[in-house]
Amino acid sequence: MLRLLGSLLLVAMAASVTGAAPAPAASPTPLDRVIPAPASADPGGSPYRITRGTHIRVDGSREARGVGEYLARILRPSTGYRLPVTAQGAGGIRLRLAEGPFGAEGYRLDSGRHGVTVTAARPAGLFHGVQTLRQLLPAAVEKDSVQPGPWLVAGGTIKDTPRYGWRGAMLDVSRHFFTVDQVKRYIDQLALYKINKLHLHLSDDQGWRIAIDSWPRLATYGGSTEVGGGPGGFYTKADYEEIVRYAASRYLEVVPEIDMPGHTNAALASYADLNCDGVAPPLYTGTEVGFSSLCVGKEITYDFVDDVIRELAALTPGRYLHIGGDEAHSTSHEDYVKFMDRVQPIVAKYGKTVVGWHQLTGATPAKGALAQYWGLDGTSAQEKERVVKAAQGGTGLILSPADRVYLDMKYTKETPLGLSWAGYVEVRRSYDWDPGAYLPGVPGGAVRGVEAPMWSETLENSEHIEYMAFPRLPGVAELGWSPAASHDWERYKGRLAAQAERWDALGIDYYRSPQVPWGSGGR
């Protein structure tokens, strides 16, 4: 005891001599600092502290155990704790499946001195609750080496359900090819912000990226290059299935896209018979659009489409298959309508629901089809009206306005990556709009959600993807998840600033927008 008192006296004397203040006590992250903003957050009571004795307790289901093991893999390297996943005991971190007002993806998080409990009706809700728990812990929890802690979770209750069921991100692997590991890295980043759809743009003029057994040259020849003339690449069926499996383990559904009848030069170069004149064009490594088209009048075109959709549908457990349909400038309107009338039933034949870019509304969207709107604020009234009319007739909409959420748009004219044909898209512009009111006249129920596309004309690696996604991606995720009433740029930008430390811990590069008060800690 005397030794302890002496030590404390020496510390106090040193502080008085040097003028140094004692280190402040660690305080947990407030419940309302999470992105996306929770539906409700009620602070109260003592925080919970993860310690060497903490267990992760799950019920008997395989899914709950899987989420528990996922959480343990995140926490163990940085805490240095064992954190066993067990179905026994009480206290600690508990992941619980139980019926309640959670929907398919909602959850409740209760935190107090004796533990943290995440409750959900479905495994996806447990997983999303774990993402909230991650953000309530210090950013150093994301590091892969032991950190000092302490590991505090603020006391209180979060009740959370998403605004929209479709919260997507698209990755263009056609203009530049990205490996399975690079796609997995992006999936992990998407999961942190409760994104639940990964739209893979698998074919375009510059490259075909998925193996099709019945048309093998699509991948081996059509996938042999990319923008700028690089080596390209393609996914074997096993590769694609691994991406689908990994995405599912993070509760993301893969939505594959085969763009047609335009954006098809890689296919046309691979098989001469797909061209109206029977002559295969050369492979293409540029960035212009709108010059290619499948031959609408040839029956072999529909044999080709049937084979591709059949094989891709068999690999894809999700509900949706995207058929593109944008920028078909080399296809007449009459032929475009004829093509879509033939192709949409093929998608249905193989058990999938059609998704297409919003040009699909210029034809007759199939019953249940979704149209992905990528127009601008300045898109013509006529084109917008066609989309609105389709929505009023029952076509669901995914909103991806290019001058808001195309993540490949430059932030400013000085941005070294990206394009600017839709304008410059700074962080506030990307966040500060309401999907529910974006297209006047669209019934509220027709808006199924939002999606942030990442086109890759100028992007070649994960660092490029991350620089363009962050800090805009979390804002799009919030638009898709959080209640409209919580939308407020002034409050959001502080929460966004607080994410920077987490991105640093995860090794994510990001654009330090002058619109965001970096270094403020979000307080």
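1. Helix H16 gives the most residues to the lining of the largest pocket, five in number. Helices (H or I, at least four residues) and strands (E, at least two) are DSSP runs, numbered from the N terminus. The largest pocket holds about 610 Å³ of space. The elements that give two or more residues to its lining are helix H3 (123-136), strand E8 (151-153), helix H15 (489-498) and helix H16 (500-506). The model is a predicted one, in which local features need pLDDT of at least 70 and side-chain atom pairs count only at pLDDT 80 or more, while totals for chains, interfaces and linings use all residues. Residues are numbered from 1 along each chain as its sequence is written, and side-chain values use heavy atoms, with hydrogens and water left out.

2. On terms: with a 1 Å grid over the protein atoms alone, a pocket is an open set of points with protein on both sides within 12 Å along at least five of seven lines, a cavity is a set of points where a 1.4 Å probe fits but cannot get out, and lining residues have an atom within 4 Å of a point. Grid points are joined across faces, edges and corners, and a volume is the space filled by probe spheres set on the points.

3. The lining of the largest pocket comprises 31 residues, of which Thr29, Leu137, Pro138, Ala139 and Glu501 lie nearest its centre. By class, 16 are nonpolar, nine polar and six charged. Here Ala, Val, Leu, Ile, Met, Phe, Trp, Tyr, Cys and Pro count as nonpolar, Asp, Glu, Lys and Arg as charged, and the others, Gly among them, as polar.

4. The second largest pocket has a volume of about 460 Å³. Its lining has 17 residues, and Ile74, Arg134, Glu142, Asp188 and Leu506 lie nearest its centre. Helix H2 (62-79), helix H4 (180-192) and H16 are the elements that give two or more residues to this lining. The classes here are eight nonpolar, one polar and eight charged.

5. How many cavities of 30 Å³ or more does the structure hold? There is one. The largest cavity has about 30 Å³ of space. Its lining consists of Leu397, Leu399, Pro435, Gly436, Ala437, Tyr438, Leu439, Val442 and Val447. Eight of these lining residues are nonpolar, one is polar and none is charged.

6. An open sheet of seven strands runs in the order E1-E9-E6-E7-E5-E3-E4, with mixed pairing. Strand E1 (40-43) and strand E4 (85-86) are the edge strands, each pairing on one side only. Two strands pair if DSSP finds at least two bridges between them.

7. Within that sheet, strand E3 (residues 56-58) and strand E5 (residues 92-97) run parallel and are joined by three bridges; Val58 has Leu95 of E5 as its bridge partner. E5 is also joined to strand E7 (residues 115-120), by six bridges and again parallel, with Arg94 opposite Thr117 in E7. By contrast, strand E6 (residues 107-112) and strand E9 (residues 156-160) run antiparallel, with five bridges; the partner of Asp110 in E9 is Thr157.

8. Val130 is found in helix H3. Is Val130 buried or exposed? Its relative accessibility is 0%, so Val130 counts as buried (buried means under 20% relative accessible area, exposed over 50%, partly exposed in between; 1.4 Å probe, protein chains only). Leaving aside neighbours within four places in sequence, Val130 is in contact (heavy atoms within 4.5 Å) with Val67, Tyr70, Leu71 and Leu95.

9. Strand E14 (residues 253-257) has four of its five residues buried, so this strand is largely enclosed by the rest of the structure. Five bridges join E14 to strand E11 (residues 197-201), and the two run parallel. The bridge partner of Leu198 in E14 is Val254.

10. A nonpolar core is a set of buried Ala, Val, Leu, Ile, Met, Phe, Trp, Tyr and Cys residues joined through side-chain atoms within 4.5 Å. The largest such core has 142 residues, of which Tyr186, Trp208, Ile210, Tyr235, Tyr240 and Phe304 touch the most other members. Helix H8 (residues 299-315) supplies the largest share of this core, eight residues. Another core lies apart from it, with nine residues, among them Met170, Ala402, Ala422 and Val425.
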